[in-house]
Amino acid sequence: SDWKKMAYNGIESGTWSGPLPADSSENAAEVTRITLTSDDKGRYDGNWINIFRKDSADTTSSAGTETSIVFWFDGTGSTSQPTVSGAEAYVEVDISGGSTHDDYAGLLKSAIDGVSNLSSSAVDTSGADAFLDVTQGLVGDVSNVTTNCGDVSLAVQTAGVSNVSDPKALW
């Protein structure tokens, strides 16, 4: 059946305020921009970025699975790994040898690229801040990246969607 024509109480009543479901022809892997804004490595030390990696594809009955991977910054070479609620894996990003946000972003890129089903763009250092785009290896929605570091900003560039035959099952 055509899911777009089905009547749903929030949508049909005009009270729905969320995003519209993807067209059935859409497929996209989620892309998140990570921007580092400070050259002060002490502001990153012990802080983290939690990337939820898509591990399996969406199906008609459920969203695919994901794993919480915490990339944490070691600014001294001996900082202890933080504890992050719900984290399933930790990856150290040793920035102790770096001196600028460009350096730290490059080291973060290397760490991300070392994890399966994640890839990152070349680090863009053309502006005042360094940034890279992280792309999921599988299409579909995934939890948004989070951080506890005030010198890291996060922005979804492309929302992950998949063309499952009945998207209402994911709501």
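**Notebook: Asp74 and the strands around it**

I began with Asp74 and found this residue in strand β3. The model I am reading is a predicted one.

I looked up the surroundings of Asp74. Leaving out residues up to four places away in sequence, Asp74 touches Asp45, Thr79, Glu92, Val93, Asp94, Ile95 and Ser96. I then asked which side chain of opposite charge is nearest to Asp74. It is Lys41, 9.2 Å away. A salt bridge needs a side-chain nitrogen within 4 Å of a carboxyl oxygen. I noted that Asp74 has no salt bridge, although Asp74 is buried.

Next I followed strand β3 into its sheet. I noted an open sheet of four strands in the order β4-β3-β2-β7, with mixed pairing. The edge strands, each pairing on one side only, are β4 (89-94) and β7 (146-147). Strand β3 covers residues 66-74, and six bridges pair it with β4 in the parallel sense. I picked out Phe71, whose bridge partner in β4 is Val91. Helix α2, residues 101-113, packs on this sheet and touches β2 (48-54), β3 and β4. I wrote down the angle too: the direction of α2 makes about 150° with that of β4.

I turned to β2. With β3, strand β2 pairs in the antiparallel sense over seven bridges, and Trp48 stands opposite Trp72 in β3. With β7, strand β2 also pairs in the antiparallel sense, over two bridges. There, Asn50 has Thr146 of β7 as its bridge partner.

How many residues of β2 are buried? I found seven of the seven, so β2 is largely enclosed by the rest of the structure. I sorted its residues by the way they point. Trp48, Asn50, Phe52 and Lys54 point one way, Ile49, Ile51 and Arg53 point the other way, and all are buried.

My last entry concerns β6, residues 130-136. I noted that β6 is largely enclosed by the rest of the structure, because five of its seven residues are buried. I looked up which strands are joined to β6. Strand β1 (residues 31-36) runs antiparallel to β6, with six bridges joining them. In this pair Thr32 stands opposite Val134. Strand β5 (residues 118-120) is joined to β6 by three bridges, and these two also run antiparallel. Here I found Ser119 opposite Thr135 of β6.

Notes. Residues numbered from 1 in each chain as written. Predicted model: local features only at pLDDT ≥ 70, side-chain atom pairs only at ≥ 80, totals over all residues. Heavy atoms only, no water. Pairing = 2+ DSSP bridges. Contact = heavy atoms within 4.5 Å. Axes fitted to C-alpha atoms, helices over the stretch in contact; angles between N-to-C directions. Buried < 20%, exposed > 50% of the residue type's maximum accessible area, 1.4 Å probe, protein only. Lys, Arg positive; Asp, Glu negative; His and termini not counted.
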